[in-house]
Amino acid sequence: MRKELADKEGERRSFRATFVRLGSKQGHQGYKEETILLKNIMDVSTGKLVADHAWFNLTKGFERLRLIPGAQVIFDARIKEYHKGYVNRRYGIDNRKKDYRLSHPTNVSIVTTNEGKVS
């Protein structure tokens, strides 16, 4: 599904998604970092689904919204290439593959909450 983003790599576009939940991950130096899970991510200009889900860092833009599960959010993000998969240099294993992600979300706002109220 994210392969459709390949021809738009490097562009900043607007997206709409549904907030699912908060999470966390181990950061670069072992510190806990808060994350946010969004599902059904659609390109606003085309109306096409570009990803079934995506994890983002809990930036100040997302944090200030005080999201509840089911809330619809709209945001701008840059489309970037990245490599995912397993690498073990010691045994010569490199199972990485190219994929695309949305990075640097900005202009985050709530469109609707799960009660259908427009914000």
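Contact here means heavy atoms within 4.5 Å. The model is a predicted one, in which local features need pLDDT of at least 70 and side-chain atom pairs count only at pLDDT 80 or more, while totals for chains, interfaces and linings use all residues. Residues are numbered from 1 along each chain as its sequence is written, and side-chain values use heavy atoms, with hydrogens and water left out.

**View 1. Overall layout of the protein.** Along the principal axes, the C-alpha atoms fill a box of roughly 55 × 35 × 20 Å. Of the 119 residues, 33% are buried (buried is under 20% relative accessible area, exposed over 50%, partly exposed in between; 1.4 Å probe, protein chains only). Among contacts between residues at least 6 apart in sequence, 59% join residues at least 24 apart.

**View 2. The largest nonpolar core and Leu38.** A nonpolar core is a set of buried Ala, Val, Leu, Ile, Met, Phe, Trp, Tyr and Cys residues joined through side-chain atoms within 4.5 Å. The largest one has 23 residues, and those with the most contacts inside it are Leu38, Ile41, Leu67, Phe75 and Leu102. Two or more residues of this core come from each of strand 1 (12-26), strand 2, strand 3, strand 4 (72-84) and strand 7. Apart from neighbours within four places in sequence, Leu38 is in contact with residues including Phe19, Val20, Phe56, Phe62, Val73 and Phe75.

**View 3. The largest pocket.** On a 1 Å grid over the protein atoms alone, a pocket is an open set of points where a 1.4 Å probe fits, with protein on both sides within 12 Å along at least five of seven lines; lining residues have an atom within 4 Å of a point. Grid points are joined across faces, edges and corners, and a volume is the space filled by probe spheres set on the points. The largest pocket has a volume of about 350 Å³. It is lined by 18 residues, of which Trp55, Phe56, Asn57, Arg101 and Leu102 are the closest to its centre. Strand 2 (32-43), strand 3 (49-57) and strand 7 (97-112) each supply at least two lining residues, and the largest share, six residues, comes from strand 3.

**View 4. Thr35 in strand 2.** Thr35 lies in strand 2 and counts as buried because its relative accessibility is 5%. Leaving aside neighbours within four places in sequence, its contacts include Leu22, Gly23, Ser24, Trp55, Phe56 and Asn57.

**View 5. Asp43 in strand 2.** Asp43 is also placed in strand 2. With a relative accessible area of 2%, Asp43 is buried. Its C-alpha atom is separated by 4.6 Å from that of Phe15, 28 residues apart along the chain. Beyond neighbours within four places in sequence, Asp43 is in contact with Lys8, Arg13, Ser14, Phe15, Lys48 and Val50.

View 6. Most residues other than glycine have a negative phi. His104, found in strand 7, has a positive phi near 55 degrees. Asn107 is found in strand 7 and has a positive phi of about 50 degrees. Asn107 counts as exposed, at 57% relative accessibility.

Technical notes. Helices (H or I, at least four residues) and strands (E, at least two) are DSSP runs, numbered from the N terminus.
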